[in-house]
Amino acid sequence: VIIFSPRFIHLVRTATVAAGEVPQRKVCGNCGAEMTSLRRFTAEDMLSFNVVNLDKLTETYSTAFYCEYLAKWPEYFTVAKSPSGLTMGYVMGKAEGDGEDWHGHVSSVTVAPEFRKLGLGFKLMNLLEQVSTDVHNAYFVDLFVRASNSVAVKMYNSRGYVTYRRVLNYYSAGANVPEEDALDLRKALPRDKTRSKSSVIPLTKPVTPEELEWN
C-alpha cells in the first residue's frame, strides 16, 4: 500500500488538471448495461489504485517507478474505471531492447478481485499488444509471471504466449511469500516473421536474474 502526503496529492491533482482531458474509450464489460472506461493512466490515478494493488500477486512499486513510466511510456499505461469511478484494473508497460530484440514488455497487468472474470484483463492486454505493434513496431511482447501462478500462465497461453525461459529466484521472498522462479513468457507479433530466428523458440536451460538482458 502506498501512502501519500497531502502536499504530494495537491501537486498530483494540479499536474493532472494542467495536462488537460485524457481520452477515454468506452468498452462493454459483462456487467449488465454498464460501461467500463479505458483511458490513459494519470498521476492522480495513483491516489486510488491501492484497492487493486492489495492483491498478493500484484507487485507494488515506488511512486518514482510509476511516475517514470508515465513520463517515458504513457501510451502503455491504461487504467480501467467503473461507471462509479472505481479503479477496476490497469496495465503498465514499456518498449525496450535492441535490433531484432526490440519488444514490448508488460511490467504489470492486474484487475481488482471483484471485477475479474469479465474479460477486462484480455482487453487491457489487447491494448498493450496493439501499442507494441502499431506504435513501436515491436517483434514480440514479453512478461514475467510467478512459476506457481498456474491460473495466469494458463490465461496467457490461451492468448498465444509461450514459456521462453525460466528465471531462477527472480521473485524475492516477502511477508508470507517465499522466493520463487519466474517464467518469461513471450508472444510473437507480426514483425517477428522478419527476424532471422523466431523470438519465441524456448531456451533449454534456465537463467539467473543477472543474465537477463533487460529488467
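These are my notes, entry by entry.

**Ground rules.** I am working with a predicted model, in which local features need pLDDT of at least 70, side-chain atom pairs count only at pLDDT 80 or more, and totals for chains, interfaces and linings use all residues. Residues are numbered from 1 along each chain as its sequence is written, and side-chain values use heavy atoms, with hydrogens and water left out.

**Helix α5.** I took helices and strands as DSSP runs numbered from the N terminus (helices H or I, at least four residues; strands E, at least two). I called a residue buried under 20% relative accessible area, exposed over 50%, and partly exposed in between (1.4 Å probe, protein chains only). Helix α5 spans residues 150–158, and I found Ala152, Val153 and Tyr156 buried there. Seen down the axis, these buried residues fall within an arc of 100°, so they line one face of α5. I took the arc from the directions from the helix axis to the C-beta atoms. On the face turned away from the buried side, I noted Ser150, Val151, Lys154 and Ser158 as exposed. Next I checked what the buried residues of α5 pack against: β5 (103–111), α4 (120–134), β6 (140–146) and β8 (180–188). Contact here means heavy atoms within 4.5 Å. Gly160 follows α5, and its phi is positive, near 100°.

**Helix α3.** I then turned to α3 (residues 63–72), where Tyr66, Tyr69 and Leu70 are buried. They cover an arc of only 100° around the axis, which puts them on the same side of α3. The face turned away carries Ala64, Ala71 and Lys72, which are exposed. Among the elements covering the buried residues of α3 are α2 (50–53), β4 (87–96) and β5.

**Largest pocket.** I searched a 1 Å grid over the protein atoms alone: a cavity is a set of points where a 1.4 Å probe fits but cannot get out, a pocket is an open set with protein on both sides within 12 Å along at least five of seven lines, and lining residues have an atom within 4 Å of a point. Points are joined across faces, edges and corners, and a volume is the space filled by probe spheres set on them. The largest pocket has a volume of about 1,300 Å³. Of its 39 lining residues, Leu57, Val109, Asn149, Ala152 and Tyr156 are the closest to the centre. I listed α3, β5, α4, β6, α5 and β7 (162–171) as the elements giving two or more residues to this lining. The largest share, seven residues, comes from β5. The lining divides into 21 nonpolar, eleven polar and seven charged residues. I counted Ala, Val, Leu, Ile, Met, Phe, Trp, Tyr, Cys and Pro as nonpolar, Asp, Glu, Lys and Arg as charged, and the others, Gly among them, as polar.

**Cavity.** How many cavities of 30 Å³ or more does the whole structure hold? I found one. The largest cavity holds about 30 Å³ of space. Glu96, His105, Asp142, Phe144, Arg165, Leu212, Glu213 and Trp214 line the largest cavity. I sorted this lining into three nonpolar, one polar and four charged residues.

**Lys81.** Is Lys81 buried or exposed? Lys81 counts as buried, at 10% relative accessibility. Lys81 sits in strand β3 (residues 78–81). Its side chain makes a polar contact of 3.3 Å with that of Ser48. A polar contact is a pair of N or O atoms within 3.5 Å; within protein, one must be able to donate a hydrogen and the other to accept it, and residues adjacent in sequence count only if both atoms are side-chain atoms.
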